[in-house]
Structure formats: C-alpha cells, structure tokens
Amino acid sequence: MAPLDKAPILRGEDGEGSVQVQQDMSIKIEGAKVFAVYGKGGIGKSTTSSNLSVAFSKLGHRVLQIGCDPKHDSTFTLTKKLMPTVIDVLKDVDFHAEELRPEDFVYEGYNGVKCVEAGGPPAGTGCGGYVVGQTVKLLKQHHMLQDTDVVIFDVLGDVVCGGFAAPLQHADRALIVTANDFDSIYAMNRIIAAVQAKAKNYNVRLAGCVANRSKDTDEVDRYCDTVGFKRLAHLPDLDSIRRSRLKKCTLFEMGDDEETVGVQKEYVKLAEHLYAGTDPLAPAPLEDRHIFELLGFD
C-alpha cells in the first residue's frame with residue numbers, strides 16, 4: 001500500500017498538552033468563504049449544514065459541503081443516498097491518489113450543491129484530521145475549489161481533539177449548533193474553548209451559534225450574554241424537520257406550508273448574514289462548575 005503524504009505531529013502548538021496533526025499550509029483553501037459547523041452529537045449539525053448549503057445556493061453562490069464523520073451521513077439529504085467517502089475511493093486505488101478523478105469523490109446534490117464525504121479511519125485508529133487534510137488536498141489538486149464561493153465543513157459531534165479540530169485550520173468562521181438545554185450548552189462551552197485555542201495560530205474566529213430544535217432560547221441567550229457570544233438564528237422543533245431526514249431531502253423540498261417556509265426563510269437569512277461577514281467573537285468560556293451555577297431553574 002502506498003502511503004499518503006505524511007503531515008507532521010506537533011505537540012503543544014495550540015495549548016499545553018496538545019497533540020495534533022499539523023496541516024500543510026500550502027493546501028489552505030483560498031478564494032472561498034469557509035465555515036466549520038460544530039455541536040453536540042445528535043444536535044442537528046448535518047441538517048443545519050445541508051439546509052444552510054441550499055440557502056447559500058439559493059442566493060446564487062457555488063457551494064461545497066464536506067462531511068467529516070466516518071458515518072458519512074452529512075450530505076444524504078442533498079444527494080438522496082449515502083455517498084462513498086474519500087477514504088473508500090482511495091482504498092479502491094490502493095491509495096494512489098493520482099488515479100482518482102473528481103467524479104470519484106465529488107457528487108452533485110440538490111440545487112447544485114457539491115458534496116464530499118471525507119470519512120475517517122477505523123474506530124480507534126488513525127487521525128480524523130489527517131483525513132480532512134487529504135480531502136482538501138485532493139480537492140485542490142483537481143481544481144475543485146477554484147469555482148467555489150462557500151465551503152461548509154460538517155464536523156462530527158463535540159470532539160475537540162486536535163484531529164477533528166482540523167477543519168478549523170481552513171475555516172474563516174466556526175458556527176456552533178446548540179439547543180436550549182444544559183447538555184448542548186455545556187458542549188458548546190467546550191467547543192468555544194477549542195476554537196479559541198485554534199484562533200491563537202489560525203485565522204478562524206467564532207461567528208456565533210444556532211439554536212436548533214428549541215421552542216425557546218432563554219437558556220442559550222443567558223449563556224451568550226454571560227460569555228460574550230451571539231445567537232445568529234433560531235430553528236424551532238418542527239415535525240417537518242424530522243420528516244425531511246426520513247424523506248432524505250432538505251427542508252427546501254418539504255412543501256410550502258407556513259411553518260416550513262418560515263424555517264426556509266430563517267436559513268436564507270442566516271446564509272445572507274454569514275456571507276456578508278460576521279464580527280469575530282472572542283467569548284470567555286466558563287469553568288464547568290460555573291455552567292452548573294448559571295443554567296436552569298432555582
């Protein structure tokens with residue numbers, strides 16, 4: 001098996017105790033606005049990413065969504081099926097990347113959104129950040145980023161290790177999906193700390209958060225007011241969102257009832273805001289015990 005290009009492992013680069021894959025800065029994405037979407041596992045990052053991708057495309061932008069989860073389920077509402085991952089297709093050519101063509105790993109989804117599933121190493125082996133780096137390298141080698149206006153990285157769970165923080169090395173802004181509950185906000189607080197660490201050495205900055213699947217936003221807003229963060233959108237807990245995943249389609253394909261149209265408009269409004277540019281936020285994450293003291297009822 002021919003090895004892929006090796007990236008150096010740096011220790012302590014982004015903070016005491018840090019061990020991570022350091023990406024080759026020659027493969028940095030240029031010319032496109034790049035967003036990395038993070039949040040607690042199961043909070044709706046892929047739903048948010050896919051609908052946000054469509055919203056950007058509805059505004060006339062050329063969009064590329066990169067799923068960064070071994071489950072490779074980030075883009076199936078756009079493509080209507082699970083697509084092979086970059087790791088899958090590399091295995092098929094014995095990791096000889098020069099044998100691949102763009103159509104082997106880039107697929108067109110709803111409204112022209114380009115879709116890539118990076119995949120990941122087998123459980124307990126390898127580094128997810130290495131996979132992200134190789135995916136971006138392939139995209140650059142095949143000139144797939146030259147005609148792209150927006151890149152969205154959909155990153156699995158609330159993993160804050162050096163590996164799955166790798167998309168932050170490419171991103172301009174990080175967006176956190178949360179809900180109006182303790183666990184989601186607790187995870188958001190940890191992700192904020194991880195992004196702040198990356199911001200010491202990379203251009204990434206926090207854009208804000210999206211309150212997803214929540215009737216109210218009082219706890220999210222209380223946290224944001226306390227640490228200096230910002231809620232950019234509120235997406236209610238509608239059944240049409242659940243059904244869109246089951247129907248393998250985006251919310252923009254779910255009819256024209258008043259509630260669904262309202263959520264579509266919220267996504268378009270969020271896309272307009274992000275594309276126009278957001279102020280770089282530098283919130284001060286709380287210590288764990290302070291989260292317990294801040295949130296909830298007396």
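Rings of Phe, Tyr and Trp (its six-membered ring) pair if their centres lie within 6.5 Å; planes under 30 degrees apart are stacked, over 60 edge-to-face, and the rest tilted. This is a predicted model, in which local features need pLDDT of at least 70, side-chain atom pairs count only at pLDDT 80 or more, and totals for chains, interfaces and linings use all residues. Residues are numbered from 1 along each chain as its sequence is written, and side-chain values use heavy atoms, without hydrogens and water.

**Exercise 1. State how many aromatic pairs the whole structure holds, and classify the pair Phe-35 and Phe-56.**

Step 1. A search of the whole structure gives four aromatic pairs.
Step 2. In the pair Phe-35 and Phe-56, the ring centres are 5.7 Å apart and the planes lie at 15°, so this pair is stacked.
Step 3. Phe-35 sits in strand E3 and Phe-56 in helix H1, 21 residues apart, so the pair links distant parts of the chain. Helices (H or I, at least four residues) and strands (E, at least two) are DSSP runs, numbered from the N terminus.

**Exercise 2. Describe the packing of H1 on H8.**

Step 1. Take the geometry. H1 (residues 45–58) and H8 (residues 258–276) pack at about 75°, their axes 8 Å apart. Axes are lines fitted to C-alpha atoms, for helices over the stretch in contact; angles run from 0 to 180 degrees between N-to-C directions.
Step 2. Name the relation. H1 is therefore roughly perpendicular to H8 (65 to 115 degrees; under 35 is roughly parallel, over 145 roughly antiparallel, the rest oblique).
Step 3. List contacts (heavy atoms within 4.5 Å). H1 residues include Thr-47, Asn-51 and Phe-56; among those of H8 are Tyr-267, Leu-270 and Tyr-275.
Step 4. Sort by class. The contact has nine nonpolar, three polar and no charged residues. Ala, Val, Leu, Ile, Met, Phe, Trp, Tyr, Cys and Pro count as nonpolar, Asp, Glu, Lys and Arg as charged, and the others, Gly among them, as polar.
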